[in-house]
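The exercises below concern strand pairing in a sheet. Please examine the sequence and the model before reading the solutions.

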Amino acid sequence: MTEEIKLKIRGLHSQGEQNEDTIEVVSIGKMYETEGTLCIDYEEVAEETDEGVVQTAKCLMKIGKESVEVIKKGGNESQMLFMPGQTTYTYYSTPFGEIEIGLHTEYIKRTEKDRGFQLNMGYNMEMNQSFVSHCNVEIEVEK
């Protein structure tokens, strides 16, 4: 069964106390389960041109018992896998080429709510084998 959901993703990326960056994405998506994995299809703004044209990325989030995978297709493609206690590697495609990204996931915590759930994740990100930032992400799914 497919359900329409409201998805809110908030991320805090920090490179120390003086250099923090917060992002927030709000989208409407579809949630369904397949083979024991909860899947969420949604779109997010990937880029806005100088002429005001908005380009979107199609996203698929797969939430398993011990992992979260995020697949983005569009201008900046990526496939990120988060698994607590493990470092996973992926390539982030940009118009200028690919960048190797390492994700060391510290934790994934899921909290059930009345009309959905909340996921909290903490991980360290590196690019080309150099530390970039510590990230905390909160994902709220409302049915």
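Predicted model: local features only at pLDDT ≥ 70, side-chain atom pairs only at ≥ 80, totals over all residues.

Residues are numbered from 1 along each chain as its sequence is written, and side-chain values use heavy atoms, with hydrogens and water left out.

**Exercise 1.** Determine the strand order of the open sheet and its edge strands.

Solution. Strands are DSSP runs of E with at least two residues, numbered from the N terminus; two strands pair if DSSP finds at least two bridges between them. The 10 strands of the open sheet lie in the order β6-β5-β4-β3-β2-β1-β10-β9-β8-β7, and their pairing is antiparallel. Pairing on one side only marks β6 (78-82) and β7 (87-94) as the edge strands.

**Exercise 2.** Describe how β5 is joined to β6.

Solution. Strand β5 covers residues 68-73 and runs antiparallel to β6, with 5 bridges between them. Within this pair, Val-70 stands opposite Met-80 of β6.

**Exercise 3.** Trace the pairing from β8 through β9 to β10.

Solution. First, β8 (residues 97-113) and β9 (residues 116-127) run antiparallel and share 12 bridges. They form a hairpin with 2 residues between them, and Ile-101 has Met-127 in β9 as its bridge partner. Next, β9 pairs with β10 (residues 130-142) in the antiparallel sense, over 12 bridges; Asn-120 has Glu-138 in β10 as its bridge partner. Finally, the hairpin of β9 and β10 has 2 residues between the strands, and Asn-128 there takes a positive phi near 50 degrees.

Definitions and conventions:
Helix = DSSP H or I, 4+ residues; strand = E, 2+ residues; numbered from the N terminus.
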